[in-house]
Amino acid sequence: MAAPRSVFCVVVVIIFVLHTLKTVPGQVMTVEEVHEYREQVRSMFQHAYDGYLRYAYPYDELQPLTCDGTDTWGSYSLTLIDALDTLLVMGNHSEFRRVAQLLVDTMTFDTDVNASVFETNIRVVGGLLSAHLLSRRAGVDLEPGWPCDGPLLRLAQDAARRLLPAFDTPTGMPYGTVNLRYGVPPGETPVTCTAGVGTFLVEFGTLSRLTGDPVFENTAIQALQALWDVRSDIGLVGNHIDVTTGRWTAIDSGIGAGVDSYFEYLVKGYILLGRPELMDMFQEYNKTINTYLKYDDWYMWANMKKGQVTMPVFQSLEAYWPGLQSLVGDVDSAMKSLHNYHQVWRQYGATPEFYNIPGSKAQEKREGYPLRPELVESAMYLYRATRDPFLLQLGRDVVEAINHITRTDCGYASIKDVRTHQLDNRMESFFLAETTKYLYLLFDPDNFIHNDGGHGDYVDTVNGRCVLDAGGYVFNTEAHPVDPAALYCCSTFKQDQEELQKLHTTLDFGSLLEDLEDFSHEKGKKEGILSFPTTGLDSSMDPTLDETDPRQWLQFDKWKKDKMTRSWNVEEKQHPAIFTCPAQPFYSRFSILGEMFVEK
């Protein structure tokens, strides 16, 4: 008689765990072994991607046990959008170009569909923004306005604008669901999770900086500030809140599910957008977290008002925290926690959604693993910071477990129960957007994403010459990379235009320049100093000047100001500049070896 399936599954689990325990902690992998695992990850991605295209497109997700598709978060071919930039990271430029054009030709968000505000933002808006910024590298034919304009950027902007009605609340915090055509559905619950309020700034800030429309960044900042204003007296936040009243409806505080990416976006918002108040907020939270939630390199859940522990559990989602710690320079603490999380993985060949820390076991009814990326996300960040070979060992364990346990004929399946390795009929889009991408980057040290600022590309745009692809990429919480140099390229040009417009509207340039010319001419006659022309941009003085380029006007005005200052200094009088249009240097922010710095 055949053995029961449950007994067979348990035997498989035991064999797999014994296999993984044969690894030697800290053993250095050869260059060839690292490349081999990189190619295994590429193969994993390709198998899942091909399965989605063959069996599930245009639905949101692949169902890997039945090999068909289903809509989950909004009926907009979610996996295709979410996987697009991973194609480029892995070097498949031709498929990136094909899919990018397919989205431009066929995608519309003008649909009568109720969609998750949070998921649409991080997966769709984030995915489209990243694909837009990576288009040049992929060899896409670019519009003249790129990177400040382009079809993928316009798609992202359209999707984001359809989310804005959710923020029309007394607090500025968004509802959790919006109809893409009609706005917030009637009767929509006002209760949403903390992360659902505080996870918009990377995408919305990028949109504002690229397009010049401040509404997105301002909206995201208002929501972040609203959460900050309702933190408890001891400095903690709960995990669910009423967006119409600002009243907490769930007061368990932690770093995991329902809260996680709120903390993440405070740090990444600071790095990407240069807003120091966000890092100040995070540092205050970090002190409180270490005081009330941290126990022996684990992070518990506690009452947000009193601080006593309410749930002594580790959640799979919390494995992002060591990666975030590496971005603020706390590498030692990050490595200690990551070792704990890795031991959970080795116990089951996966991290269950909830792990009971005192009992050292998967929590009942929370024993699944939906192919989450957070463990390898932190490993990737920390490997860049430390080069510790243990982190490659961790990545190898994850690759082997996923391949051995979850691979199906058409994709990779979520694990319904890590104790028996029973599978579930779902492959979330983040498996292609995040899990495989972070694994690939862990085993591909020379990937362009890892540029530490040692080189960049001069790119001539309608806004002038910009430096792009200079490193410092900031990942949104769905692992979609954003090039901060592109934001600088677009936003500073718009700032220059606005400053120039203000000057022209507030000063009478005709009379002012006549006065300056007369002043200079009289001083020249007295002291032998030549006057200089002030009546327009004369390209004959410099053949490289373009009379139609506002940036050249700014530089020419600066030249005139410098000449005038030199005239005044001859008379030993320190006159202030009449007007100033400073040329701001390119800067980029990086995280090197766990340390953040600003290069100016």
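A: A residue is buried under 20% relative accessible area, exposed over 50% and partly exposed in between, using a 1.4 Å probe and protein chains only. This is a predicted model, so local features need pLDDT of at least 70 and side-chain atom pairs pLDDT 80 or more, while totals for chains, interfaces and linings use all residues. Residues are numbered from 1 along each chain as its sequence is written, and side-chain values use heavy atoms, leaving out hydrogens and water.

Q: What percentage of the residues of the chain count as buried?

A: Of the 600 residues, 56% count as buried. The chain has 19 helices and 23 strands; these are DSSP runs numbered from the N terminus, with at least four residues (H or I) for a helix and at least two (E) for a strand.

Q: How do I read a contact, and which residues does Trp345 touch?

A: Contact means heavy atoms within 4.5 Å. Trp345 lies in helix H13 (residues 331-348) and is buried, at a relative accessible area of 3%. Not counting residues up to four places away in sequence, Trp345 touches Ala350, Thr351, Tyr369, Leu375, Asp397, Val398 and Ala401. Across the chain, 68% of the contacts between residues at least 6 apart in sequence join residues at least 24 apart.

Q: How many disulfides does the count come to?

A: A disulfide is a pair of cysteine sulfur atoms within 2.5 Å. By this rule there are three. With the bonded cysteines numbered in sequence order, the pairing is 1-3, 2-6, 4-5.

Q: Where do the partners of each disulfide lie?

A: Let's take them in turn. Cys67 and Cys410 are joined with S to S 2.2 Å. Cys67 lies in the loop between strand E1 (61-63) and strand E2 (68-70), and Cys410 in the loop between helix H15 (389-405) and strand E16 (414-417), so this pair ties together parts 343 residues apart in sequence. Cys67 is partly exposed at 23% relative accessibility, whereas Cys410 is buried at 1%.

Next, Cys148 and Cys490 form a disulfide with S to S 2.0 Å. Cys148 sits in the loop between H5 and H6 and Cys490 in helix H17 (residues 484-506), so distant parts of the chain, 342 residues apart, are linked. Both Cys148 and Cys490 are buried.

Then comes the link of Cys466 and Cys489, which is right-handed, with 70° about the S-S bond. Cys466 is in strand E19 (residues 464-468) and Cys489 in helix H17, so the tie spans 23 residues in sequence. Cys466 counts as buried at 5% relative accessibility, and Cys489 counts as buried at 2%.

Q: How many aromatic pairs does a search of the whole structure find?

A: Rings of Phe, Tyr and Trp (its six-membered ring) pair if their centres lie within 6.5 Å; planes under 30 degrees apart are stacked, over 60 edge-to-face, and the rest tilted. The search finds 24 pairs. One of them, Phe45 with Tyr49, is stacked, with 5.5 Å centre to centre and 15° between the planes. Both lie in helix H2 (residues 31-55), four residues apart, about one turn of the helix. An α-helix has 3.6 residues a turn, so residues three or four places apart point the same way. Phe45 is buried, with a relative accessible area of 1%, and Tyr49 is buried with a relative accessible area of 1%.
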